[in-house]
Amino acid sequence: MADVVILGAGVSGHTAALHLSRMLGKRDLRSGNHSITVVSPNADWNWIPSNIWVGVGKMEPPQVLFPLQPVYEKRGVKFVQARATAIRPYGTGSDDDRPSVEVTYTGQDRDGESEVIPYDYLINATGPKLRFEATPGLGPDHHSYSVCTASHAADASAALGRCIESMKDGNECTLVVGMGHGTCTCEGAAFEYAFNVDHELREAGVREQARLVFLTNEAQLGDFGVDGLTFEHEGFVTHSELWASSLFRERQVEAIVGAHVERVDEGTVHYETLDGEHHSLDFDFAMLLPPFGGVPLKAYDRDGEDITDQIFAPSGFMKVDADYTPRPYEEWTVDDWPETYMAPGFDNVFATGIAFAPPHQISRPRKSPNGTVIAPSPPRTGMPSGVMGKTVATTIARKITDGEDAVPLKASMGRLGAACIASSGAGLRRGTAAAMSMLPVVPDYERYETGRDLHDTRGEIGLAGHWLKLILHYLFIYKAKGRFGWHLIPE
Amino acid sequence: MSDETSNTTPILDMSGVPLPTARTVRARTSLFKQTMRFLALNLRLLRMVRKGHASR
């Protein structure tokens with residue numbers, strides 16, 4: 001008998017829960033032979049990539065959300081709507097001496113109640129804490145919008161709509177889209193939102209009155225937090241910088257690169273650039289993504305001593321089997337990246353998706369002459385996140401069925417590929433997309449001259465990417481609902 | 001480097017960046033061409049999934 005606790009029900013945690021329930025078997029879960037408990041503060045699952053479409057009014061929040069409880073009920077998984085607050089990986093020293101997680105309920109009519117949940121295996125897939133507070137004035141509670149959650153995106157859509165109405169009345173507007181801090185990640189999402197806004201402005205017939213500015217922490221366009229991509233295009237080996245810049249020029253989207261947003265006031269964003277200069281830009285609408293941090297979780301040993309700094313990196317992300325030795329960019333290798341996602345010293349604790357602490361950035365880290373770090377953090381979302389969830393679920397299932405000595409499976413981001421599709425518009429004929437794929441996510445210069453496989457690392461623009469993004473929207477929601485044949489759909 | 005706020009906005013100069021030809025822009029919405037690209041994109045993603053899973 002084994003009890004598995006999964007913290008978080010995003011792409012990684014939910015994928016792990018679905019696969020574990022399939023591998024351990026509904027009968028064993030229902031009879032209590034094994035248990036899977038998913039702890040998430042949110043009642044709904046959110047297909048986050050489509051929040052971009054919610055953010056421009058092309059979709060409504062219910063189209064990207066569905067309740068988790070019925071899905072888990074059907075699969076014999078216990079759902080606890082709560083926020084994890086602490087873990088005790090060495091046990092509690094009480095009657096049930098197993099390791100445990102402390103949670104505080106956020107729903108299920110038990111708001112504020114605390115509970116201790118013992119575990120035999122733990123997956124930390126909590127995703128990010130949205131650190132709007134890192135930049136004064138940033139975020140939906142202050143002076144800018146976000147598309148990180150469906151409700152944030154709905155608010156952004158309403159504000160964008162007001163801006164468009166104002167332009168229809170003959171006014172001119174400046175719209176700023178991008179990153180709200182020098183260490184943000186998910187540049188691809190901001191890139192996608194910028195081109196969705198451009199599309200909406202054109203559809204509304206107000207593009208001429210709009211100044212659209214992409215404000216990013218990337219040192220050059222097309223970096224995407226993965227040090228850019230080199231790919232073959234029309235018989236040339238080219239770089240994503242040229243590819244992305246061409247799109248910006250074609251769509252008349254202005255760009256400010258290497259920027260760290262210092263403060264957002266009502267209608268003005270203040271930022272520092274890599275040359276150390278400080279600038280301000282007035283805006284009528286701003287969607288600026290926040291930097292991510294680990295979800296605040298404390299860790300205690302058996303005696304109640306705080307061991308948070310042993311388990312978690314200063315960023316709040318959980319340490320796993322990565323090589324965290326500080327090294328300069330030139331000495332980074334693909335071997336620095338984790339393979340099993342097992343926490344050091346604990347063969348029953350794993351961290352996947354955004355929750356694991358990366359060993360370093362993928363893009364070259366830069367500082368302004370003032371010492372301000374302006375360096376995109378590595379993306380760990382989407383396809384890699386799902387594969388990590390499934391890999392760790394398989395490792396745990398094998399340990400449960402074959403014994404503790406079962407060899408853990410590996411899914412290094414130095415081997416995994418990823419796709420990023422920045423799609424705008426809706427409908428089958430009127431949309432378009434910039435579709436990028438890369439293999440591997442973390443460049444491997446020993447295996448590939450350009451760091452990545454040129455056959456699978458591509459960038460292209462057209463309807464095809466838009467169709468793919470639309471299909472992925474429906475396919476992944478179908479999969480996440482655990483419907484017939486869900487496990488045949490790859491992560 | 002300065003503590004003063006500059007009045008200029010450091011907009012990236014993209015005037016030298018190539019623009020697509022009219023033919024390239026048409027190809028992006030050509031149903032035939034995009035159907036072929038759609039199939040190619042799917043095959044590429046499936047190949048990536050297979051390679052990624054094979055790394056275990």
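## Where the two chains meet

Let's start at the contact between the chains: 14 residue pairs, both members at pLDDT 80 or more, are in polar contact between chain B and chain A. On the side of chain B that touches chain A, strand S1 (5-6) and helix H2 of chain B each supply at least two residues. The largest share of that side, 16 residues, comes from H2(B). Sort the residues of this side of chain B by type and you get 17 nonpolar, 13 polar and 8 charged.

Keep in mind that this is a predicted model. In it, 38 residues of chain B are in contact with 58 residues of chain A. Together the two chains bury about 4100 Å² between them, and 62% of that lies on carbon and sulfur atoms.

## Charged pairs across the interface

How many salt bridges does the rule find across the interface of chain B and chain A? There are 4 of them. You can look for B:Arg44, which forms a salt bridge with A:Glu460; the closest N and O atoms of this pair are 3.0 Å apart.

## Salt bridges in the whole structure

Now zoom out. Searching the whole structure over all chains turns up 28 salt bridges. Among them is the pair A:Arg88 and A:Glu102, with closest N and O atoms 2.6 Å apart. A:Arg88 sits in strand S6 (residues 82-88) of chain A and A:Glu102 in strand S7 (residues 100-105) of chain A, so this pair ties together parts that are 14 residues apart in sequence.

Another one to find is the salt bridge of A:Asp323 with A:Arg327, where the closest N and O atoms are 2.9 Å apart.

## The second largest pocket

The second largest pocket has a volume of about 780 Å³. Its lining counts 24 residues, and the ones nearest the pocket's centre are A:His233, A:Glu234, A:Trp243, A:Gly459 and B:Thr24. Which elements give two or more residues to this lining? From chain A they are strand S13 (230-233), strand S14 (236-239), helix H7 (240-250) and strand S25 (458-462). From chain B they are helix H1 (22-27) and helix H2 (31-54).

H7(A) gives the most to the lining of the second largest pocket, with 5 residues. As for residue types, the lining of this pocket divides into 9 nonpolar, 6 polar and 9 charged. H2 of chain B, then, turns up in two places on your tour: it gives residues to the lining of this pocket, and it supplies residues to the side of chain B that touches chain A.

Key
Residues numbered from 1 in each chain as written. Chains lettered and ligands numbered in written order. Predicted model: local features only at pLDDT ≥ 70, side-chain atom pairs only at ≥ 80, totals over all residues. Heavy atoms only, no water. 1 Å grid on protein atoms, 1.4 Å probe; cavity = no way out; pocket = protein on both sides within 12 Å on 5 of 7 lines; lining within 4 Å. Points joined across faces, edges and corners; volume = space filled by probe spheres on them. Helix = DSSP H or I, 4+ residues; strand = E, 2+ residues; numbered from the N terminus. Nonpolar A, V, L, I, M, F, W, Y, C, P; charged D, E, K, R; others polar. Contact = heavy atoms within 4.5 Å. Buried area = accessible area lost by both parts, 1.4 Å probe. Salt bridge = Lys/Arg side-chain N within 4 Å of Asp/Glu carboxyl O. Polar contact = N/O pair within 3.5 Å; in protein donor to acceptor, adjacent residues only side chain to side chain.
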